[in-house]
Each structure stands twice: as C-alpha cells, then as structure tokens.
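This report is an introduction for a reader new to the structure. Please look over the sequence and the model first.

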Amino acid sequence: MKDAVKEWKSGSFRPVYVLYGKDRYRMRQFVQQLTEKLLPEDERDLGIVKYDMSETPVEEAVAEADTLPFFASRKLVIVRDQSVLAAAASAKEGGKIDHQTNALIDYIHRPNETSVIVFQVHAEKLDERRKVVKLLKDKDALLAFAELSENELLAWTIRRAEEQGRRMRKEAAELLLARTGTNMQQLAHEVDKLCLHAGEGGSIDEQTVETLIASTVEEDVFALIDAMASLQVERALKLYGELLLRREEPIKIAALIARQLRIMLQVKELEQHGYSPQQMAGQIGLHPYAVKLAAEKGRRFTVPVLGKHLSRIAELDYKMKTGQVDKTLGLELFLLSLAA
C-alpha cells in the first residue's frame with residue numbers, strides 16, 4: 001500500500017487495484033486517498049462510477065472503464081466484489097450472475113490510460129486458482145488489508161493522536177481499545193474526540209479515557225465475570241447494579257455472560273491443542289485482541305468449571321424467559337455462585 005501511495009505523489013496510477021481482507025476501514029481510507037489524488041473535487045460526481053458484482057456482470061464494469069470519461073479528466077470505477085475474485089468459501093454473493101472474466105483479462109492486458117478500476121473484495125483470501133487472479137498478482141495489483149494485530153492497533157491509535165499534535169500514553173490507548181473494541185471507524189472517532197478535549201499539544205492519559213469514553217455493556221460484563229472469579233463480590237454486584245441502572249435487561253446481560261464464558265471455553269480448548277492466538281481468532285471468528293482478552297480472563301477458570309457455568313446459565317435463561325424465576329434476583333444469585 002505504501003508503494004502505491006508513493007506512486008500517486010508522482011502522478012502515477014496503476015490501472016487496476018484489488019483490495020481484499022477484513023479491514024474495511026483501511027480499505028475505505030485507501031479509496032478516499034486515491035480519489036483525492038486522482039480527481040479534482042469538482043470532477044468527482046461525474047468521474048466516479050460504482051458497481052456491485054452481486055447485481056452486475058463484471059464485463060459491464062470493464063466496458064465502463066474502457067470508455068473515455070466525459071466532463072472529467074479521469075474515471076474511477078469502484079467495484080464491490082464477493083464473487084468474481086474471492087475464494088470459493090467467501091463467494092456467497094452474485095452466484096446467479098454469469099461473469100465473463102475474459103473481458104477483465106483482456107482489459108488488464110490493454111487498460112484505458114484514463115481509467116482506474118478498484119475492486120473491493122471483503123474476503124480474507126482471493127481464489128488464486130483463477131487465471132484472472134494470477135494475472136492480477138503478476139501485475140502487482142493485489143493489496144491485502146488484514147486486520148491489525150493488538151500491537152499494530154495500539155501503535156495506530158497512538159500515531160493518530162500524534163498526527164493531531166497530541167500525546168497518548170500506551171495505557172490510555174489500551175483502555176480505549178478495551179472500551180471501543182477493534183472497529184477502526186469507531187476507534188478513529190473516539191481518538192479524535194479525545195484529541196479535541198486534550199487541545200493542541202495536550203496529552204491523553206487513562207483518566208481522560210475513563211472520563212470521556214463510556215464503557216460498553218460487553219466490557220462491563222467481562223469485568224463483572226472477572227470480579228466474581230477474583231472473589232470481588234462487592235465490586236461485581238456494584239457493576240451489576242450499574243448495568244441495571246442503565247436499564248440493561250437481565251436476560252440480555254445473561255446472554256452476554258454466556259457468550260463470554262463460551263468464548264473463554266473455546267479459547268482454553270484450542271490452547272490445549274496448541275493453537276496460536278491468530279489461529280484461534282480464525283476458528284472462533286473474533287479479532288486476535290478479543291481472543292487475548294478471553295485467554296487472560298479464562299485463566300481463572302478450568303474447562304470443567306466453565307462448562308458447568310455455561311450449563312447453569314442456559315438453565316437460568318430458560319427459567320427467566322418462562323417466568324419461573326425473578327430475572328433480576330435470579331441473575332444476581334448466579335453471579336454470587338461464580339464466587340463460590
């Protein structure tokens with residue numbers, strides 16, 4: 001990606017870019033930067049054309065790119081694709097459309113100098129068995145946007161604050177990540193809010209994050225489970241009381257507790273089979289940072305105990321939904337039992 005950005009500064013653009021991976025935020029940032037470099041602001045309405053391969057054959061997008069632009073110096077063709085280039089496991093859309101990839105292959109060999117095509121493929125892998133994908137790889141058109149690791153997310157967060165003339169402590173970035181999660185769009189929004197509060201040349205510490213960034217229900221539930229496992233009964237009941245004051249339904253809280261216990265159980269079982277955090281994240285379908293947190297919290301429990309708690313909260317969920325137990329009191333008693 002850095003090489004592509006360097007090329008833009010010298011006015012050079014590749015005819016086709018294929019962006020793939022799970023990090024949609026950085027993909028959007030890439031397209032935004034490309035748009036700003038490729039087209040003046042007053043040409044963007046007429047110079048940008050968008051297609052979705054679940055609705056339109058790929059040859060139509062190619063034909064558009066092969067047509068000279070009107071009332072604009074260049075043309076940017078943005079293609080949302082989940083069926084033409086994605087690996088079979090991810091190609092869930094556009095199955096009913098017959099895409100003529102030979103048209104794309106011909107275009108790659110003889111591209112229109114005034115057009116740029118950008119494929120946005122929201123899939124971890126491309127189907128490298130396909131002739132068109134192999135050709136795009138040979139043309140250096142493939143750009144991977146994998147999810148950032150925990151350390152990369154922390155570095156990105158701190159760097160975003162530095163770019164705005166603020167200093168963010170690592171501990172503050174860690175707390176922000178725990179509260180905001182790994183969604184980079186949300187993370188960027190919260191960093192910008194903290195920077196605005198800190199002011200030019202200001203610093204952002206844990207107290208600032210604690211004050212300005214509200215904890216999520218998921219984070220509070222995690223803290224609640226951790227408090228009970230650490231025999232911090234008073235703290236756990238206080239957290240539970242705060243959730244109720246925020247009008248969170250006991251049934252919803254119970255469901256989130258069950259989810260967290262289930263994740264911890266899955267992580268512990270995968271750890272026993274020698275899986276790395278990255279492999280566990282792929283198996284469970286979570287960000288590696290979430291897996292790391294679950295592994296840390298899960299160390300307080302054994303596999304049999306987690307299984308027992310899951311069984312008991314499933315039974316409690318049934319009783320709450322069928323009116324056999326008072327929801328608020330029933331969940332409180334369950335929480336107390338975690339510390340037993």
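The buried residues of helix H11 (217-229) are covered by elements that include helix H8 (170-180), H12, H13, H15 and H17, where buried means under 20% relative accessible area, exposed over 50% and partly exposed in between, with a 1.4 Å probe and protein chains only. Helices (H or I, at least four residues) and strands (E, at least two) are DSSP runs, numbered from the N terminus. This is a predicted model, in which local features need pLDDT of at least 70 and side-chain atom pairs count only at pLDDT 80 or more, while totals for chains, interfaces and linings use all residues. Residues are numbered from 1 along each chain as its sequence is written, and side-chain values use heavy atoms, with hydrogens and water left out.

Of the 13 residues in H11, 11 are buried, among them Val221 and Ile225. Just after H11, Leu231 has a positive phi of about 65 degrees.

A nonpolar core is a set of buried Ala, Val, Leu, Ile, Met, Phe, Trp, Tyr and Cys residues joined through side-chain atoms within 4.5 Å. The largest one has 40 residues, of which Ile257 and Phe334 touch the most other members, and H13 gives the most to this core, with 11 residues. Beyond its neighbours within four places in sequence, Ile257 is in contact (heavy atoms within 4.5 Å) with residues including Val221, Ile225 and Phe334.

Confidence is given as pLDDT, from 0 to 100 for each residue.

| Part | Mean pLDDT |
|---|---|
| Protein | 88 |
| H11, lowest | 80 |
| Strand S4 (residues 115-121), highest | 96 |

Definitions and conventions
pLDDT is the predictor's confidence in each residue, from 0 to 100.
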